[in-house]
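Here is a short briefing on one predicted model. Look at the sequence and the structure first, then read on.

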Amino acid sequence: MNLFLVSDSVISIRKNDQKIGVKLDKNNKFLKNLKKYCQNCQNFVFICNDPTLYEDNDYSAKLIFDAFKKNKFNLQSLTVLDNRNTQDCQKILQNADLVYLQGGIIESQNEFLKTIDFLSY
């Protein structure tokens with residue numbers, strides 16, 4: 001397994017003060033290295049920060065997923081991991097090719113990662 005631990009991996013695209021998309025940050029060779037190790041990644045899992053904000057989680061995950069697709073990643077599926085599917089998290093994470101942590105409030109993210117026993121994967 002390859003791990004990329006980065007902050008600010010995406011740059012917001014705004015129009016009239018509204019976020020309309022994101023693009024992957026090319027600084028520090030992040031995008032180049034990610035492409036090198038994730039050429040055949042198909043199953044994208046987005047682990048949310050707050051597992052109760054379903055609409056926000058879906059929106060953020062779609063923006064990130066689309067940014068990867070625009071950069072020619074061969075992603076075929078997007079799974080948002082939050083309270084709607086924690087009972088299936090073992091299967092979801094075992095089948096993941098690329099896992100993206102939403103970030104945000106560290107305490108919320110850590111609590112959810114503990115809930116799904118993320119360290120066991």
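Is S9 buried or exposed? S9 is buried, because its relative accessible area is 7%. Buried means under 20% relative accessible area, exposed over 50%, and partly exposed in between, with a 1.4 Å probe and protein chains only.

This is a predicted model, where local features need pLDDT of at least 70, side-chain atom pairs count only at pLDDT 80 or more, and totals for chains, interfaces and linings use all residues. Residues are numbered from 1 along each chain as its sequence is written, and side-chain values use heavy atoms, leaving out hydrogens and water.

**The hairpin**

- Strands β1 (residues 10-15) and β2 (residues 18-24) run antiparallel and are joined by six bridges.
- Strands are DSSP runs of E with at least two residues, helices are runs of H or I with at least four, and both are numbered from the N terminus.
- Two strands pair if DSSP finds at least two bridges between them.
- K15 faces Q18 of β2.
- Two residues lie between the strands of this hairpin, and N16 has a positive phi near 55°.

**Around S9**

- S9 sits in the segment before β1.
- Its side chain makes a polar contact of 2.9 Å with the side chain of Y100.
- A polar contact is a pair of N or O atoms within 3.5 Å; within protein, one must be able to donate a hydrogen and the other to accept it, and residues adjacent in sequence count only if both atoms are side-chain atoms.
- Leaving out residues up to four places away in sequence, S9 touches K23, L24, D25, F30 and Y100.
- Contact means heavy atoms within 4.5 Å.
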